[in-house]
Amino acid sequence: MSNSRRLGLVLWSLCAMRLGAATVSVLVIETGLPEEAGAGVYSGMWESGLLDVFFDAGHIVSNAPVKRLGQKPGGVFPEEAWPEFAEAVEGGADFFILALLDYAAPAGELIQKPRQVSLRLFQTRPQRLLYEREYGDTGTGTPEADYASLKRAARGLIPHLNDR
């Protein structure tokens, strides 16, 4: 095979691989924590885990700062997430992942781990829900085991990027 033919094959391969990459934006929303409470460690773990998994899969990832709401939002796409969604679309994101972490606990009880996590994968143009999965009683082991578990959950979103 000639050098120019080899070079062409290499360039074509690089372009083909690049076409498979999607731009993914992540937003983590915490609920059930008092306003004065510090940042949730598990919120950071979920954010980091989602970014790591999609980056390792070859996608371009970005994120908005973790957002804290007083109560669990209603609807498939919370109104409070629109500014971050609009910014992601403006930045060229193909997909938007919304991770809703609910730390709600009985009155007076302080918890460190979310009781429920909802992962929602949206296509940005046109905006539509592609996949949703709920997880209850998250974080049942050590932080390391919990991180490995949440990364497995994040990997479950990747096949649904092709659902568009």
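Predicted model: local features only at pLDDT ≥ 70, side-chain atom pairs only at ≥ 80, totals over all residues.
Residues are numbered from 1 along each chain as its sequence is written, and side-chain values use heavy atoms, with hydrogens and water left out.

Some terms next. Helices (H or I, at least four residues) and strands (E, at least two) are DSSP runs, numbered from the N terminus. Buried means under 20% relative accessible area, exposed over 50%, and partly exposed in between, with a 1.4 Å probe and protein chains only. Two strands pair if DSSP finds at least two bridges between them.

I start with strand E1, residues 23–31. Nine of its nine residues are buried, so E1 is largely enclosed by the rest of the structure. Thr 23, Ser 25, Leu 27, Ile 29 and Thr 31 point one way, while Val 24, Val 26, Val 28 and Glu 30 point the other way.

What does E1 pair with? With strand E2, residues 60–63, the pairing is parallel over four bridges, and Val 26 has Asn 63 as its bridge partner there. With strand E3, residues 67–69, it is parallel over three bridges, and Glu 30 stands opposite Arg 68. With strand E4, residues 95–102, it is again parallel, over eight bridges.

Now E4 itself. Eight of its eight residues are buried. On one side are Phe 95, Ile 97, Ala 99 and Leu 101, and on the other Phe 96, Leu 98, Leu 100 and Asp 102. E4 also pairs with strand E5, residues 116–123, in the antiparallel sense over eight bridges. In E5, Leu 119 is the bridge partner of Ala 99.

Last, helix H2, residues 41–56. Its 16 residues reach 22 Å from first C-alpha to last, close to the 22 Å expected at 1.5 Å a residue; the expected span is 1.5 Å times one less than the number of residues. The buried residues of H2 include Tyr 42, Trp 46, Leu 50 and Phe 54. Against what do the buried residues of H2 pack? They pack against E1, E2, E4, E5 and helix H4, 143–155, where contact means heavy atoms within 4.5 Å. Just after H2, Gly 58 takes a positive phi of about 95°.
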